[in-house]
Amino acid sequence: MNARTSQICKGLFADRDDMESAIEWKVGNGASVHFWKDRWSGVEKLCDLVPDIYRLANKKEGTVGEFYQLEDGAWSIELSRAKLTVDETRQFTVLLERLGLHNLHASEEDQYRWKFKRSGMHSVKSAYNRWSTEQAGGSRSSAKFAQTWRPKIPLKIKVFVWFLFLERLMTRAYRARWAPEDSTVCALCSGATETAEHLFCTCEVAREFWSLVGRFTGLQTTFHTVEELWVAGKAIKRANDNSMAAVVSQSIVPAGAWTIWKTRNKAIFKGTRVYQENMWDMFRGCMSDWGRHIARAGEVQFREGAMCITG
């Protein structure tokens, strides 16, 4: 699974544990598989199978290969104390029995198998099919999923939008979970905590930008949450009776959100000053490129109060 497909797959599976459950590991030298936290010996992670032993383990991080002594063909598990309770002894016996089923081979690489494709090879389509099947039934998640993946926009933008739905974008507030020492202030307005809802909906810079988009596309800008933003986007599609205009109009909110995100990243990583004119140019560029190359539409033009497709 390469970095690109791995990120896409993680976007499809909101729950990390759900994604991991879709992978079966065949251990070779053990260099790529986490000993305690990957599913490589049975359906359970070892940390869940023997939680008391995991708690007592001196080493809680490391690959399978780091717990195995190739020269002796033996496993090495060090605990914080030698005297075990009855339950701990039972769990340690279970662990040793499980480990006894495996021998590592220095010359063989670890391999994974994707459960939901006959070949065992991961693909975004198989992840999509599995997720959409589970979400069938008209749930709110299913509706969001459809909104994300139906528009005629580049795949990386669909993944970006899906991360936004799941509140998994690396905003400053989200990043603070792992780096609490970093600033959480919005990179665009410097006036509030940078959550996804603030950055894309209530930030004064974003509000001004969306107002400009609304003037030329008909987007209603009364939204205050991410969900309300997507509802406003759907309303534009319904308002277009021309089929091609309806297709292209599905790109308006994704293009606007992508513009805000790219502008924010440039402000953080390059120190670029924020100008509404530059944001508008980026938005128009996205709409034109996606309209021509993805939706196979004509030229996308913007006039006061309306978006037009020519050609």
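This is a predicted model: local features need pLDDT of at least 70, side-chain atom pairs count only at pLDDT 80 or more; totals for chains, interfaces and linings use all residues.
Reader: Good. Which residues of α11 are buried, then?
Author: In α11 the buried residues are Val205, Ala206, Phe209, Trp210, Leu212, Val213, Gly214, Phe216 and Thr217.

Reader: And what span should α11 have, and how far apart are its end C-alpha atoms?
Author: Helix α11 runs over residues 204-217, and at 1.5 Å a residue its 14 residues should span 20 Å; the end C-alpha atoms are 20 Å apart, so the two values agree.

Reader: What follows α11?
Author: Gly218 comes after α11, and its phi is positive, near 90°.

Reader: How about α8, mostly covered or mostly open?
Author: Helix α8, residues 155-165, is mostly covered, with nine of its eleven residues buried. Those buried residues are Ile157, Lys158, Val159, Phe160, Val161, Trp162, Phe163, Leu164 and Phe165.

Reader: What follows α8, and what is its phi like?
Author: After α8 comes Glu167, whose phi is positive, near 60°. Ser190 also has a positive phi, near 55°, in a residue other than glycine.

Reader: Where is Ser190 found, and is it buried or exposed?
Author: Ser190 is found in the loop between α9 (172-175) and α10 (196-202). With a relative accessible area of 57%, Ser190 is exposed, because exposed means over 50%.

Reader: Switching to charges: how many salt bridges does the structure hold?
Author: The structure holds eight salt bridges. One of them joins the side chains of Asp52 and Arg55, at 3.8 Å from N to O.

Reader: Where do Asp52 and Arg55 lie?
Author: Both Asp52 and Arg55 lie in helix α4 (residues 51-56), three residues apart, which is about one turn of the helix. As a general point, an α-helix has 3.6 residues a turn, so residues three or four places apart point the same way.

Reader: How accessible are Asp52 and Arg55?
Author: Asp52 counts as partly exposed at 23% relative accessibility, and Arg55 is partly exposed as well, with a relative accessible area of 47%.

Reader: Which residue does Arg55 meet at 3.4 Å?
Author: Arg55 forms a salt bridge with Glu88, where the closest N and O atoms are 3.4 Å apart. Because Arg55 lies in helix α4 and Glu88 in helix α5 (residues 86-99), this pair ties together parts that are 33 residues apart in sequence.

Reader: And Glu88, buried or exposed?
Author: Glu88 is buried, with a relative accessible area of 3%.

Reader: What is Arg175 paired with?
Author: Arg175 forms a salt bridge with Asp182, and the closest N and O atoms are 2.9 Å apart. Arg175 counts as partly exposed at 40% relative accessibility, and Asp182 counts as partly exposed at 28%.

Reader: Which residues gather in the patch of positive charge?
Author: Lys156, Lys262, Lys266 and Lys270 gather in a patch of positive charge on the surface. Of these residues, Lys270 lies in the loop between α14 (252-269) and α15 (276-293), and at 67% relative accessibility Lys270 counts as exposed.

Reader: One last topic: where does Cys47 lie, and how far is its C-alpha atom from that of Lys37?
Author: Cys47 lies in helix α3 (residues 46-49) and counts as buried at 13% relative accessibility. The C-alpha atoms of Cys47 and Lys37 are separated by 6.2 Å, with the two residues ten residues apart along the chain.

Reader: What about Thr93 and Val50?
Author: Thr93 and Val50 are 43 residues apart along the chain, and their C-alpha atoms are separated by 9.6 Å. Thr93 lies in helix α5 and counts as partly exposed, at 38% relative accessibility.

Methods. Residues are numbered from 1 along each chain as its sequence is written. Side-chain values use heavy atoms; hydrogens and water are left out. Patches are made of residues with over 30% relative accessible area and no salt bridge: like charges are joined within 9 Å, nonpolar side chains (Val, Leu, Ile, Met, Phe, Trp, Tyr) within 5 Å. Accessible areas come from the Shrake-Rupley method with a 1.4 Å probe; for residues, only the protein chains shown count as cover. A salt bridge is a side-chain nitrogen of Lys or Arg within 4 Å of a carboxyl oxygen of Asp or Glu. Lys and Arg count as positive and Asp and Glu as negative; His and the chain ends are not counted. The place of a charge is taken as NZ of Lys, CZ of Arg, CG of Asp or CD of Glu. Helices (H or I, at least four residues) and strands (E, at least two) are DSSP runs, numbered from the N terminus. Buried means under 20% relative accessible area, exposed over 50%, partly exposed in between (1.4 Å probe, protein chains only). The expected span of a helix is 1.5 Å times one less than its number of residues.
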